Amino acid sequence: MTTLSDPPKEGFRLSMLLYDTRYRSGTIQVVALFCFMLLAAWLLNNTIQNLAALGKPIDFGFFSEPASYDINQRLLDYNSRDTHLRASFVGLLNTLVVAFLGCVTATVLGVVIGVLRLSPNWLVARLMTVYVEMFRNVPVLLWIVFIMAILIETLPSPRAFRGDDATASMMLGDSVAVTNRGVYIPEVLFSRSLGDLHLFGNSSLRFDVSLDLIAILIVLGAGLWVSRRIKHRADGIQEQTGTRPTTWYLRLGVVAVPLAILLIALGFHFGMPALKGFNFSGGTHLRNSLIALWLALSLYTAAFIAEIVRGGIMAISRGQTEAASALGLRPRRVMSLVILPQALRVIIPPLISNYLNLTKNSSLAIAVGYMDITGTLGGITMNQTGRELECVLLLMLVYLAISLTISAVMNWYNESVKLKER
Amino acid sequence: MSDIAYSRTEMLPEREPPASEIGVLGWIRHNLFSTWLNAILTILSLALIYYVLAGIIPWVLSPTWSGTSLADCRDILAEAGREGHFSGACWGVIHDRWLQLIFGFYPAELYWRPIAAFLLLGVALAPVLFADKMPAKLLWFSALYPFLFPWLLWGGPIWGPVMALLGFVIGYAVFAAVNNAMSTLLGLILGVLAAAIWWLFLAGAAAEMLSGILPIGLEPVESRKFGGFMLSITIGVVAIACSLPLGIVLALGRQSDLLIVKYLSVGFIEFVRGVPLITLLFVASLLLNIFMPPGTDFDIILRVLIMVTLFASAYMAEVIRGGLAALPKGQYEGADSLGLNYWQAQRLIIMPQALKISIPGIVSTFIGVFKDTTLVSIIGLMDPLGLSNNIRADSAWNGIVWELYGFIAAVFFILCFSMSRYSMYLERKLQTGHR
């Protein structure tokens, strides 16, 4: 008589690596890792061999050598005797400037256009559709070079402003000059300036921060804080007594009066651009390259943001509007209290990626000669030193860092407006 | 009780709605002048439209088609009594250079080859794009087309593409044999390995030997002669075609339970999406040869194609991941309960639905890739924008802005807009939800 027993314990066989689902995933991973490491080793080995053959070992020493080229649009002081590192730093700031300006303009334009596309006015809605399709379906690089060419070819030259028979004139009470060399706007000057705060001494990353600006920001911030306290107090009084004290003049006063006093104390005035010799001098000079890049990126990205805004608003069901109206809210309050907070949840994630795209697209500056980080580190510095590997690698890392920072900040914001589910 | 006076007993005859509510008048009242604000907006828009059209239409209708230079165009316009900067377009530049804008510096006697390649591209795409209207047999041609396309454009002996095709056949044969005898996974690995060995070590020699014996081929054309819209479309089509499968693989990798595979995919996708395309093109033009074995010097267009494909596939992966994430979990569980394995489940249940959900995203990625092909002008390739710089530097056409950029923009607009319309058609066709 035989007794039933458990099936014999199976030992590990090699074929189980392929057939047994318990081990197969391990096999795949090991093979994948192996292939990846093989590929990486192959690439590294090739690189080392090629660089050795070229006689160019990886070396970042060129960063401390003088750049000996000029950057005409810049925020910080820079001259051609400064190092390549400083040139790259100035370029990085230029990238950030154009990205920031572009994001702000694109958001404003995009929200307006997106809302107008939903307008009950048929004509306005169609016009906005034409705008969106026109900008979305043509390459951004084409817009950039197109706007640059228009600025150069069609605007008057500084010469046209001169003499009695001038064919062009300055705008806004002789304060803004639009020429084919760029736009000259008044600059902010202080006759009793507090001076600059020098950060990082004399190194390549030296950074001058105007103390005037810091003072203004502090006073403005304090004013806004006091104004908020006043609002809270008014809210409290309203809740207790039912009548709201009139506070608008108080709130305006605490912001405006100290700021005005500070500006007078600092001797605030505008430096006007004026025609001297062959060109304008004084004022702030915005170069064509900056304006073309800024305009093109804003107009292009605005078309995408408009679609996102439209989609976001349309995603909120009509019942929300009707319910809010039934509660007696006015249309503006319905928009700001009910629709927008909900639409923002739909809008923000794609908005983040559009900000990222705009920032990355600002690298096209190289096509119009705006000296952003691609123009300095990835352009002239790379051509002068012949250090392609180092420059391109650093360029990628810089953009990667910018992208990750933007998405981290915006994701944090997204988290804070997200639907709180329990 | 029937004599209550205040209750009407018979229906009133139907009457027409008031004239202000129907027809053109009613439409205008409702859509254009419903409130004061709307009325103001309408009038402003009408003024804007009038202003723009009044500027553009006379400018476009300009008898300068035969102009030979900008000065000549100005003369023609002056003779017609039109003076001033914006008196009329100078279409002579398009007449003079349109062949160049389309074909770049491709030899004129060989224009039939790119034309044939793009016509056949239509034939190859038709069974894919309009699957319900075309015979399925045409798909065989679509499968062969990727080998025909480079041969037509670049020329050279026919044996190169044939040997490349043979690599796929060998790989599949090995896979099928091992799959029957042993396991799918092993078959996959060995098949890929066999094909790779064939391409890397044997195909070149075989092609050389065969072209020695049977020299069939087309006259070769160098890459630097490629240009214009032909180059844009070539890069766009190849990047689009290759990035879709790569993107699917990356998206699956990112969703995978296998940690190493997952992090490799995530790392690749996040890296590529974090850097601008222009830096990847710098890599293509300056660094790719450094990464290859010493002595390799492969074609600049091929290098650009590789980088643009990698770039597009990272974006594609994210779009498809969105589609995968939107699928209800029940679909995966349903596939498991039917006893399908991973690949069967993906092929029969998951992918068709995920791809359908992500059509809008996929097409906008396609459009983005196609638009981004203009960036190759920065690394010195002669795409339409690169050519436009050339033309504007020519003394005859120095100062041309609107005509040239307008023409290029119009062509891009037509191509991209028709792609987006096609995606809407596809969405409607595949719509299975209840609305």
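In the UniProt record, an unreviewed entry, the annotation "transmembrane region" covers residues 23-44, 96-118, 130-152, 209-227, 248-271, 291-313 and 392-413 of chain A; UniProt positions are given in the numbering used here, feature names are shortened, and annotations may be inferred rather than shown by experiment. The structure is a predicted model, in which local features need pLDDT of at least 70 and side-chain atom pairs count only at pLDDT 80 or more, while totals for chains, interfaces and linings use all residues. Residues are numbered from 1 along each chain as its sequence is written, chains are lettered from A and ligands numbered from 1 in the order in which they are written, and side-chain values use heavy atoms, with hydrogens and water left out.

Residues 96-118 of chain A are 96% helix and 0% strand, with end C-alpha atoms that lie 33 Å apart. Over residues 248-271 of chain A, the chain is 79% helix and 17% strand, and the end C-alpha atoms are 33 Å apart. For chain B, an unreviewed UniProt entry places the feature "domain: ABC transmembrane type-1" at residues 229-423. This span of chain B is 80% helix and 0% strand, and its end C-alpha atoms lie 22 Å apart.

The size of an interface is often given as the accessible area lost when the parts come together. Between them, chain B and chain A bury about 5200 Å², of which 77% is on carbon and sulfur atoms; buried area is here the accessible area (1.4 Å probe) that two parts lose on being put together, summed over both. The contact, defined by heavy atoms within 4.5 Å, takes 61 residues from chain B and 57 residues from chain A. Across this interface the rule finds 1 salt bridge, a term that stands for a side-chain nitrogen of Lys or Arg within 4 Å of a carboxyl oxygen of Asp or Glu. A:Glu133 forms a salt bridge with B:Arg421, and the closest N and O atoms of the pair are 3.4 Å apart.

Side chains of opposite charge can pair when their charged atoms come close, and over all chains the structure holds 14 salt bridges. In chain A, A:Asp235 is paired with A:Lys231, with 3.9 Å between the closest N and O atoms. Both residues lie in helix α6 (residues 211-241) of chain A, 4 residues apart, or about one turn of the helix. An α-helix has 3.6 residues a turn, so residues three or four places apart point the same way. A:Asp235 counts as partly exposed because its relative accessibility is 23%, and A:Lys231 is likewise partly exposed, at 35%; buried means under 20% relative accessible area, exposed over 50%, and partly exposed in between (1.4 Å probe, protein chains only). The salt bridge between A:Arg387 and A:Glu390, at 3.4 Å from N to O, joins A:Arg387, which is buried at 17% relative accessibility, to A:Glu390, which is buried at 4%.

In chain B, the side chains of B:Arg97 and B:Asp394 meet in a salt bridge at 2.5 Å, N to O. This pair links distant parts of the chain, 297 residues apart, with B:Arg97 in helix α4 (residues 92-103) and B:Asp394 in the loop between α16 (384-393) and α17 (402-430). B:Arg97 is buried, with a relative accessible area of 15%, whereas B:Asp394 is partly exposed, at 23%. Salt bridges that share partners also join B:Arg254, B:Glu270, B:Glu318 and B:Arg321 into one network.

Helix α4 of chain B has buried residues that include B:Val93, B:Ile94, B:Leu101 and B:Phe103, together with B:Arg97. The buried residues of this helix pack against α3 (70-79), α5 (112-129), α9 (228-255), α16 and α17 of chain B. After α4 of chain B comes B:Gly104, whose phi is positive, near 65°. Helix α9 of chain B contains B:Gly247, which counts as buried because its relative accessibility is 0%. Apart from its neighbours within four places in sequence, B:Gly247 is in contact with B:Ser313, B:Met316, B:Ala317 and B:Ile320.

Note on methods. Helix = DSSP H or I, 4+ residues; strand = E, 2+ residues; numbered from the N terminus.
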